[in-house]
Amino acid sequence: MENPTYLALSNQLALRRQMETVANNIANANTTGFRAERLLFASYLTPKAGNPGVGGDGAAQVAFVEGIGTYRDLRPGNMVKTEAPLDVAIHGNGYFVVETPVGNRYTRDGNFRLDGQGRITNAEGFALLDQNGQAIRIPANAQNIEITRQGEVVADAQRLGRIQLVQFPDDQALRRLGGGLYAADVDPIPADARVETHQGLLEGSNVVSITELTTMLDITRRYESAQRIIDSEHERARRAIERLARVA
């Protein structure tokens with residue numbers, strides 16, 4: 001008798017997780033290098049409640065829905081022109097490597113700057129690494145900074161290093177952290193030679209706000225529909241109890 005309520009609650013729990021994912025996408029619609037996330041659903045079977053007389057192999061089971069995880073939309077975002085010499089966008093499947101106190105982390109956010117030591121760092125102060133795993137430093141009196149498509153960093157005709165670009169066999173296995181960073185449980189490999197860096201550009205978020213808002217409205221309607229089922233079942237049970245009480 002309680003199966004409709006259980007099904008509706010299962011649906012609402014999955015919809016709530018989906019709403020959280022969509023809300024996070026919208027909140028990061030203007031975050032450099034952000035890639036939208038989607039919720040993965042799965043169904044699982046469980047015995048029906050209160051149907052001891054029902055026979056058959058599948059007749060006594062009901063399917064519930066469950067959100068089991070998320071995956072990232074790996075499509076690149078639009079390139080935004082900034083003309084800033086330390087803004088760098090990656091064209092292709094690759095990641096920058098930055099050094100943090102807990103190990104190397106990976107990002108597509110190329111909004112870099114110089115710290116007090118002349119190192120190229122991200123917004124959180126983590127140093128951008130070159131192919132030798134060393135921080136790239138710019139001389140204090142440098143006037144002209146150039147970053148080639150191959151990632152070579154040149155200041156006043158002096159070569160300072162080549163930006164390390166890496167990739168992974170499975171991008172979905174990367175764990176998203178704060179500040180546009182990702183962590184990995186496996187070692188990266190050098191990025192494909194076709195991956196390029198573009199100076200004076202930033203990769204925007206690939207979130208399409210209007211699509212996310214439409215999805216949010218659809219989730220809200222489905223949640224409300226599930227709530228109506230719960231309310232209807234509650235009212236049906238209440239009436240049944242009242243009638244049984246009168247008979248008794």
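1. Helix H1 comprises 25 residues and spans 36 Å from its first C-alpha to its last, close to the 36 Å expected at 1.5 Å a residue. The model is predicted, and the points below should be read accordingly. The buried residues of H1 are Asn3, Ala8, Ser10, Gln12, Ala14, Leu15, Gln18, Thr21, Val22 and Asn25.

2. Glu212 belongs to helix H2. With a relative accessible area of 2%, Glu212 is buried, because the limit for that class is under 20%. Its side chain makes a polar contact of 3.4 Å with the side chain of Asn25, a residue listed among the buried positions of H1. A polar contact of 2.8 Å joins the side chain of Glu212 to that of Arg38.

3. Leaving aside residues up to four places away in sequence, Glu212 touches Val22, Asn25, Ile26, Ala36, Arg38 and Val207. Of these, Val22 and Asn25 are among the buried residues of H1. The C-alpha atoms of Glu212 and Asn24 are separated by 10.0 Å, although the two residues are 188 residues apart along the chain.

4. Ser209 is also found in helix H2, which covers residues 209-247. In contrast to the buried Glu212, Ser209 is partly exposed, at 34% relative accessibility. Ser209 and Ala27 are 182 residues apart in sequence, yet their C-alpha atoms are 9.5 Å apart in space.

5. Arg35 sits in the loop between helix H1 (3-27) and strand E1 (37-47). A polar atom of the Arg35 side chain lies 3.5 Å from the backbone oxygen of Leu74.

6. Not counting residues up to four places away in sequence, Arg35 touches Arg72, Asp73, Leu74, Arg75, Pro76, Tyr95, Arg108, Glu203 and Asn206.

7. Most residues other than glycine have a negative phi. Asp156, however, has a phi near 50 degrees, and Ala157 has a positive phi of about 70 degrees. How does accessibility class the two residues? Asp156 counts as partly exposed at 40% relative accessibility, whereas Ala157 counts as exposed at 76%.

8. The largest pocket has a volume of about 290 Å³. Its lining consists of 14 residues, of which Gln131, Arg162, Ile163, Leu165 and Ala191 are the closest to its centre. By class, seven of the lining residues are nonpolar, three are polar and four are charged.

9. The second largest pocket contains about 180 Å³ of space. Twenty residues line this pocket, and those nearest its centre are Phe34, Arg176, Gly180, Leu181 and Tyr182. Its lining divides into six nonpolar, nine polar and five charged residues.

Conventions. Residues numbered from 1 in each chain as written. Predicted model: local features only at pLDDT ≥ 70, side-chain atom pairs only at ≥ 80, totals over all residues. Heavy atoms only, no water. Helix = DSSP H or I, 4+ residues; strand = E, 2+ residues; numbered from the N terminus. Polar contact = N/O pair within 3.5 Å; in protein donor to acceptor, adjacent residues only side chain to side chain. Contact = heavy atoms within 4.5 Å. 1 Å grid on protein atoms, 1.4 Å probe; cavity = no way out; pocket = protein on both sides within 12 Å on 5 of 7 lines; lining within 4 Å. Points joined across faces, edges and corners; volume = space filled by probe spheres on them. Nonpolar A, V, L, I, M, F, W, Y, C, P; charged D, E, K, R; others polar. Expected span 1.5 Å × (residues − 1). Buried < 20%, exposed > 50% of the residue type's maximum accessible area, 1.4 Å probe, protein only.
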